[in-house]
Amino acid sequence: MIAHHAIRRQLGAYLDEELRPEEAAEVRAHLAACAACAADLEELRATRALLRQLPPPPVPEGFLDELRARLRAEGTGRRTWWPPVLVARPAVLVAAVVAVLILVGLPVARGRLERLRAAEVGPDLFVRQYVSTAVTDPLVDRAFLGLLVTDANLRLIGEDPRAVGGSR
């Protein structure tokens, strides 16, 4: 339950129907039990009714003309992020967007095409290239080189590489 002083601060919002439904229900329940808050609410309603009866304040003569002149002198007051050329001429804006799309999209599309071509080739070409390279220079492959070094080390310490699980 909301405290008495908190309810008093919410009376204006309650009158303007700005409270959430559960808050409005708590205020209604408090107003039913508290005559002082109910009187404050009625006083706010009466003040609101009196204020609505007042005529709107008159606009000083020449106010609108002065306002328009100020706005023209200062610009519209809107600050745009885009350069004025792009905002004033939509064709330039469209051309700029197309240029950006081409500059960004073309490398992305080219990369995808190259990956697709590589996938079309398949592993056969890779195996053929690997075998031809391994035949001409067997020590190029680091994995193969590691296997040779391991086998040589085992032979140096007197172990049989085949018994340990090495190469055949």
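In which kind of crossing, left-handed or right-handed, does H1 pass H2? The tour below reaches the answer at its second stop.

**Confidence colouring.** The structure on display is a predicted model. Colour the protein by pLDDT: the average is 76, and 58% of the residues score at least 70. Select residues 21-33, helix H2, which has the highest mean pLDDT among the elements, 93. Then select residues 142-156, helix H8, where the mean is the lowest, 56. Where pLDDT is low, the predicted coordinates should not be read in detail.

**H1 against H2.** Select residues 4-15, helix H1, together with H2; their axes come within 10 Å and cross at roughly 115°. The two helices are therefore roughly perpendicular to each other. H1 passes H2 in a left-handed crossing. Display the side chains next: on H1, the contact is made by His4, Ile7, Gln10, Leu11 and Tyr14. On H2, the partners are Glu23, Ala24, Glu26, Val27, Arg28, His30 and Leu31. By class, this contact of H1 with H2 comprises six nonpolar, three polar and three charged residues.

**H2 against H3.** The contact of H2 with H3 has six nonpolar residues, one polar residue and no charged residues.

Methods. Residues are numbered from 1 along each chain as its sequence is written. This is a predicted model: local features need pLDDT of at least 70, side-chain atom pairs count only at pLDDT 80 or more; totals for chains, interfaces and linings use all residues. Side-chain values use heavy atoms; hydrogens and water are left out. pLDDT is the predictor's confidence in each residue, from 0 to 100. Helices (H or I, at least four residues) and strands (E, at least two) are DSSP runs, numbered from the N terminus. Ala, Val, Leu, Ile, Met, Phe, Trp, Tyr, Cys and Pro count as nonpolar, Asp, Glu, Lys and Arg as charged, and the others, Gly among them, as polar. Axes are lines fitted to C-alpha atoms, for helices over the stretch in contact, and angles run from 0 to 180 degrees between N-to-C directions. Angles under 35 degrees count as roughly parallel, over 145 as roughly antiparallel, 65 to 115 as roughly perpendicular and the rest as oblique. A crossing is left-handed if the near helix is turned anticlockwise from the far one by less than a right angle, and right-handed if clockwise. Contact means heavy atoms within 4.5 Å.
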